[in-house]
Amino acid sequence: MPITRGFARRDAAARDPRLPPGQYDAGDWWPVLHAEATPSLHTDKWTFTVDGLVTAPTTWSWEEIRALPGSQYEGAIHCVTAWSKFGMRFDGVSVDTLLDAAGPVDDAAFVLARSHTSYTTNLPIGDVTDGKAWVVWDVNGAPLEGIHGGPARLLVPHLYFWKSAKWVSGLTLLAEDQPGFWERSGYHDRGDPWLEQRYQGD
């Protein structure tokens, strides 16, 4: 069942214009929220696969994905449970690099992100391309902890953080949208924090 640390709201005295509607600044605190138990994943067996509507389905080992050209994100992350965290720095590889290797076909319009657990989440392909998404393994200069999705997680920082699948194992490209774990339970299919797309119908 969901781990609920972090759901308590903290209202700032003055509204920070960097905060999307309904969010508060978590400061130095990084709440731990996930729907599954933290898995024990070893990098010697870890893999990441891009498949589905691609011309060349591709799987990388831990060593292979880390040998790809690196990319970094610096900025904020926003959780649907109302916290935001500024000043984050994530290092990894751009999803663009991974998709370039696999070669999406013209019909590919959506992505289903999969975790090494049973977790999935869906995204329009436009939300993971053109420098908008990464697979990351370092945060603020240190390896990503297991409780935060290590050894590697998806990072889609312009959407609510449930879209940034922890313990990510791959992306499947699809012609039609396929709801993931939280989306099947009523969460919004896209999840834009600035539009407060928390639940279906928002």
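**Fold and local geometry of the predicted protein chain**

With a relative accessibility of 12%, S169 counts as buried, a label given to residues under 20% relative accessible area, whereas exposed means over 50% and partly exposed covers the range in between (1.4 Å probe, protein chains only). The model is a predicted one, in which local features need pLDDT of at least 70 and side-chain atom pairs count only at pLDDT 80 or more, while totals for chains, interfaces and linings use all residues. Residues are numbered from 1 along each chain as its sequence is written, and side-chain values use heavy atoms, with hydrogens and water left out.

S169 is placed in strand β11, which spans residues 168-174; strands (E, at least two residues) and helices (H or I, at least four) are DSSP runs numbered from the N terminus. When residues up to four places away in sequence are not counted, S169 touches T47, F48, T49, R114, S115 and H116, a contact being defined by heavy atoms within 4.5 Å. The side chain of S169 also reaches the backbone oxygen of S115, at 3.3 Å; this distance falls under the definition of a polar contact, a pair of N or O atoms within 3.5 Å, of which, within protein, one must be able to donate a hydrogen and the other to accept it, and for which residues adjacent in sequence count only if both atoms are side-chain atoms.

The protein chain as a whole contains 2 helices and 11 strands, which follow one another from the N terminus in the order β-β-β-α-β-β-α-β-β-β-β-β-β. Its radius of gyration is 16 Å, close to the 17 Å that the globule rule gives for 202 residues, so the protein chain is as compact as a globular protein of that length; the radius is taken over C-alpha atoms, and the rule is 2.2 Å times the number of residues to the power 0.38. Along the principal axes, the C-alpha atoms fill a box of roughly 50 × 35 × 30 Å. Of the 202 residues, 52% count as buried, and among contacts with a separation of 6 or more, 68% are accounted for by residues 24 or more positions apart.

W30 lies in the loop between β1 (24-25) and β2 (47-52) and counts as buried at 15% relative accessibility. Not counting residues up to four places away in sequence, W30 touches I77, W83, K85, M88, F90, V139, L144, H148, R153 and F161. The C-alpha atoms of W30 and Q72, which are 42 residues apart along the chain, are separated by 19 Å.

Most residues other than glycine have a negative phi, and most peptide bonds are trans. The peptide bond from G150 to P151, however, is cis, with omega near 15 degrees, and P151 is found in the loop between β9 (142-143) and β10 (153-155). N140, in the loop between β8 (134-139) and β9, has a positive phi of about 50 degrees although it is not a glycine, and counts as partly exposed at 42% relative accessibility. E196, in the segment after β11, likewise has a positive phi, near 50 degrees, and is partly exposed, with a relative accessible area of 31%.
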